[in-house]
Amino acid sequence: MVITHSHRRWAVLPVFVVAVALVAVVGSLASINAGQEYLALERPAWAPPQWLFGPAWTVLYVLIAIAGWLAWSARGWTPAMTVYAVQLVLNAAWTPLFFAAGQYGLAFAEIVLLWITIAVNLALFWRIRRSAALLLVPYLLWVTYAGALNLAIWQLN
């Protein structure tokens, strides 16, 4: 189903922004002491500085919301949108596992699932609207890096 009414398309953009913002809120609530915890962990030399996470995720969340909205506005709710929703849930689950629960191994397994889901989502969005897929590329790259960092922290701690 192609969404043809421009007004309706734009009216739904805030829904995507709110959905992604909720994911961000779950992460921030689960990581209230994340800065201190992160600094207390043994980290590899290539670990980013603590201040980088907030700006990086802010940009990524904006891109994720726009990508979802673009794919939805092209075809409506498709299986690709279901995968999009699943990756949002997985995204929200990682921070509580890693920071709140301190379950680095479980968080690593979860981030692998997140990575796979993002990759599948990107491939499905590619068939619907390439610009939506391309907006997910920085997210996939960051989660690749975050997964490697999670693995290294798990091994070091």
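Reply: Here's a look at the aromatic rings, with a bit of context on the chain first. Keep in mind that this is a predicted model. The chain has 6 helices and 0 strands, and with a radius of gyration of 16 Å, close to the 15 Å from the globule rule for 157 residues, it's as compact as a globular protein of that length. Of those 157 residues, 45% count as buried.

Now the rings. Searching the whole structure turns up 15 aromatic pairs. Take Phe53 and Trp142: their ring centres are 6.0 Å apart and the planes meet at 80 degrees, so this pair is edge-to-face, the cut-off being over 60 degrees. It also ties together distant parts of the chain, since Phe53 belongs to helix H3 (residues 53–75) and Trp142 to helix H6 (residues 130–156), 89 residues apart. As for cover, Phe53 has 23% relative accessibility and counts as partly exposed, whereas Trp142, at 14%, counts as buried.

Another edge-to-face pair is Trp94 with Phe99, at 6.1 Å centre to centre and 90 degrees between the planes. Here Trp94 is buried at 16% relative accessibility, and Phe99 is buried at 13%.

Back to Phe53 and Trp142: both sit in one aromatic cluster along with Tyr38, Trp46 and Tyr145.

Notes. Residues are numbered from 1 along each chain as its sequence is written. This is a predicted model: local features need pLDDT of at least 70, side-chain atom pairs count only at pLDDT 80 or more; totals for chains, interfaces and linings use all residues. Side-chain values use heavy atoms; hydrogens and water are left out. Helices (H or I, at least four residues) and strands (E, at least two) are DSSP runs, numbered from the N terminus. The radius of gyration is taken over C-alpha atoms; the globule rule is 2.2 Å times the number of residues to the power 0.38. Buried means under 20% relative accessible area, exposed over 50%, partly exposed in between (1.4 Å probe, protein chains only). Rings of Phe, Tyr and Trp (its six-membered ring) pair if their centres lie within 6.5 Å; planes under 30 degrees apart count as stacked, over 60 as edge-to-face and the rest as tilted.
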